[in-house]
Amino acid sequence: MGGFVYDSRNNLQMRGLVVLLISKAAGPSTADLSFQHDMVSGIYSSQRSLAEITELIHTAFLVHRGIVNIGELKSCDGPLKDMQFGNKMAVLSGDFLLANACTSLAQLQNTKVVELISSAIGDLVQGIYYENSKSSEENCLTDDIGISRWKEQVFLRHSALLAKSCQAAMELAKHSAEIQDMAFQYGKHMSMSHKLHSDLQPFVKETSSDTMAFSLNSAPAILHQEFRGREAWLKQIREAQGKGNIVDYKKLQEAIKAGKGVTSAIDLCRCHGNRALAALERFPPSEARDALANIVYAVTRFP
């Protein structure tokens, strides 16, 4: 369990860090100076609590997503009782983290912030439900969706929590609606760039000797499908399937690289990165703003 929160190799605390950085970049609001005594290192205590709440919610959903479908297990996967026990622990652990997050959220005593974070939790549930309902369909290797629909789904699963947490951090400091919207836009577009960057790794890594398995619903694959057409893409998948419907990912990877999917995904990643940087322009120059910009540069840089 500790690895979900403290594993420094996997950027799992990125959301809380971004909330703290954007809080510091925005600074105190000029509209309400009455509670500036509560500020430490340029960040209000309520904003620190919000960063912790954001991490708790994200971790709770990570734990819940680790639940194993018992019906799909094989004898080589291990004892059934161990898997059943692990599922129960995952449900209880995730619920415990989510309950703590909701309790802390109520203690902030800000109705708009509660509404924002509650809607983000709803977005996460909606996005993951859709993902699971599609993946459970028989022989459903890839969704018949375009990049616009893909972006809507990614917003729900990956961007909504960070975007609305950034907006909520501005609300806690009593910033204007314009600054709140810019914080939302930064969180949304930076996390979209982060997701696109992650999806592109199997296609742009030069040092990997082995072909990485990748999702057939990743951005390069969806864009490749848009350019080639649904039937042509399904034909390529069928041609890459061997005995037992095992997919030859190397063959599909080469097919996607030969098309426009990878370059289009890189362009889309940089487009979202530029929109995140544009949102930052509304914040005063500071080290915190520079750090937020560096995060964008990191996820839009490719070999």
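Begin by selecting Arg228, which lies in helix α8. In this predicted model, Arg228 is partly exposed, because its relative accessible area is 45%.

**The whole chain**

Traced from the N terminus, the elements follow the order α-α-β-β-α-α-α-α-α-α-α-α-α-α. Of the 303 residues in the protein chain, 46% are buried. Where contacts join residues at least 6 apart in sequence, 74% of them link residues at least 24 apart.

**Helices α8 and α11**

Return to α8, residues 219-228, and select α11, residues 261-280, with it. Two packed helices are described by the angle between their axes and the distance between the axes. Here the axes come within 8 Å and cross at roughly 120°, which means that α8 is oblique to α11. The crossing of α8 past α11 is right-handed. To see the contact itself, show side chains for Ala219, Pro220, Leu223, His224 and Phe227 on α8, and Gly261, Val262, Ser264 and Ala265 on α11. This contact of α8 with α11 contains 6 nonpolar and 3 polar residues, and no charged ones.

**Helices α2 and α12**

For a second pair, select α2 (14-26) and α12 (287-299). Their axes are 8 Å apart and the packing angle is about 140°; α2 and α12 are therefore oblique to each other. In this case α2 passes α12 in a left-handed crossing. On the α2 side, highlight Val18, Leu21, Ile22, Lys24 and Ala25, which meet Ala288, Arg289, Ala291, Leu292 and Ile295 of α12. Sorted by class, the contact of α2 with α12 has 8 nonpolar and 2 charged residues, with no polar ones.

**The nonpolar cores**

Which residues have the most contacts inside the largest nonpolar core? Select Val18, Ile57, Tyr186, Met190 and Phe283: these hold that position in a core of 44 residues. The elements giving two or more residues to this core are α2, α3 (45-65), α4 (80-107), α5 (111-135), α6 (147-172), α7 (177-204), α11 and α12.

Centre the view on Met190. Setting aside neighbours within four places in sequence, Met190 is in contact with Met14, Val18, Leu162, Ala276, Ile295 and Val296. Then move to a second, separate core, which has 27 residues, among them Met192, Phe214, Ile222 and Ile266.

**Two backbone positions with positive phi**

The last stops concern backbone geometry. Select Ser41, in the loop between β1 (39-40) and β2 (43-44). Although Ser41 is not a glycine, its phi is positive, at about 55°.

Finally, go to the loop between α4 and α5, where Gln109 is found. Is Gln109 buried or exposed? Gln109 is exposed, because its relative accessible area is 75%. Gln109 also has a positive phi, near 55°, in a residue other than glycine.

Conventions. Residues are numbered from 1 along each chain as its sequence is written. This is a predicted model: local features need pLDDT of at least 70, side-chain atom pairs count only at pLDDT 80 or more; totals for chains, interfaces and linings use all residues. Side-chain values use heavy atoms; hydrogens and water are left out. Axes are lines fitted to C-alpha atoms, for helices over the stretch in contact, and angles run from 0 to 180 degrees between N-to-C directions. Helices (H or I, at least four residues) and strands (E, at least two) are DSSP runs, numbered from the N terminus. Angles under 35 degrees count as roughly parallel, over 145 as roughly antiparallel, 65 to 115 as roughly perpendicular and the rest as oblique. A crossing is left-handed if the near helix is turned anticlockwise from the far one by less than a right angle, and right-handed if clockwise. Contact means heavy atoms within 4.5 Å. Ala, Val, Leu, Ile, Met, Phe, Trp, Tyr, Cys and Pro count as nonpolar, Asp, Glu, Lys and Arg as charged, and the others, Gly among them, as polar. A nonpolar core is a set of buried Ala, Val, Leu, Ile, Met, Phe, Trp, Tyr and Cys residues joined through side-chain atoms within 4.5 Å. Buried means under 20% relative accessible area, exposed over 50%, partly exposed in between (1.4 Å probe, protein chains only).
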